[in-house]
Amino acid sequence: MQREDVLEHALHVLERVGIASTTLEMVANEADYPVKEIRQFWPDTEAVLYDALRYLSQQIDVWRRQLILDDELSLEQKLLKRYQALTECVNNQRYPGCLFIAACTFYPDAAHPIHQLADQQKKAAWEFTHELLTQLEVDDPAMVAHQMELVLEGCLSRLLVKRSQADIETARRLAEDILRFAQCRQGGALT
């Protein structure tokens, strides 16, 4: 049994049925492994959920690092690249929504390891946006990062429910508008 294979299948189940409804049995069925084998590595649903979210977090971190190092993209393109990635997910019948927001909701205790993992991922997303906005020298990059992350999180939350490509496009255009407005403000066009 390949750990990553099981975790990929767990993510598929989480995307389809949500954190509250996912069971170890569903993951085992999706991965086509006996539950008994799965339990050798993950004794319960919470254990596989934590590992699946940690695995997803690692994938996102690698993707962001590669994006930061991509010299062929402008800073603006890097900021908006997440919307293209979401479009690719939807085109591949993957609806990631925001499993990290869902995890914080399902595990509201800030001391819970799953809540902490989800919170770390949200902070890393903000730091990514803030770093790029700082390089762009926009006015008040912290505020603009909060605005752009709020739009992205709203889009991700909508994907949990509606699974609509149109919502991704709307969020991308709103993020572009926020970025342009910040650049205009930085350039003195709005004073």
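Here are some questions and answers about a predicted model of one chain.

Reader: Let's start with the overall fold. What pattern does the chain follow along the sequence?
Author: This predicted model has nine helices and zero strands. Its C-alpha trace spans about 65 × 35 × 30 Å along the principal axes. Read in sequence order, the pattern is α-α-α-α-α-α-α-α-α.

Reader: How much of the chain is buried?
Author: Take the contacts with a separation of 6 or more: residues 24 or more positions apart account for 66% of them. As for burial, the chain has 191 residues, and the buried share is 40%.

Reader: Which residues of H1 are buried?
Author: H1 covers residues 3-17 and reaches 21 Å from its first C-alpha to its last, close to the 21 Å expected. Its buried residues have cover that includes helices H2, H3, H4 and H6. Those buried residues are Val6, Leu7, Ala10, Leu11, Val13, Leu14 and Glu15.

Reader: Is Asp51 buried or exposed?
Author: Asp51 has its place in helix H4. Leaving out residues up to four places away in sequence, Asp51 touches Arg3, Leu7 and Trp42. Its relative accessibility is 14%, and because the cut-off for burial is under 20%, Asp51 counts as buried.

Reader: What does Met148 touch?
Author: Not counting residues up to four places away in sequence, its partners are Leu79, Leu80, Tyr83, Thr129, Leu133, Ala175 and Ile178.

Reader: How are H8 and H9 oriented to each other?
Author: Their axes are 9 Å apart, and the packing angle is about 175°. Angles over 145 degrees count as roughly antiparallel, so H8 and H9 are roughly antiparallel.

Reader: What classes of residue make the contact of H8 with H9?
Author: On the H8 side, the contact includes Met143, Val144 and Met148. H9 brings residues including Ile168, Leu174 and Ile178. By class, the contact has 12 nonpolar, one polar and three charged residues.

Methods. Residues are numbered from 1 along each chain as its sequence is written. This is a predicted model: local features need pLDDT of at least 70, side-chain atom pairs count only at pLDDT 80 or more; totals for chains, interfaces and linings use all residues. Side-chain values use heavy atoms; hydrogens and water are left out. Helices (H or I, at least four residues) and strands (E, at least two) are DSSP runs, numbered from the N terminus. The expected span of a helix is 1.5 Å times one less than its number of residues. Buried means under 20% relative accessible area, exposed over 50%, partly exposed in between (1.4 Å probe, protein chains only). Contact means heavy atoms within 4.5 Å. Axes are lines fitted to C-alpha atoms, for helices over the stretch in contact, and angles run from 0 to 180 degrees between N-to-C directions. Angles under 35 degrees count as roughly parallel, over 145 as roughly antiparallel, 65 to 115 as roughly perpendicular and the rest as oblique. Ala, Val, Leu, Ile, Met, Phe, Trp, Tyr, Cys and Pro count as nonpolar, Asp, Glu, Lys and Arg as charged, and the others, Gly among them, as polar.
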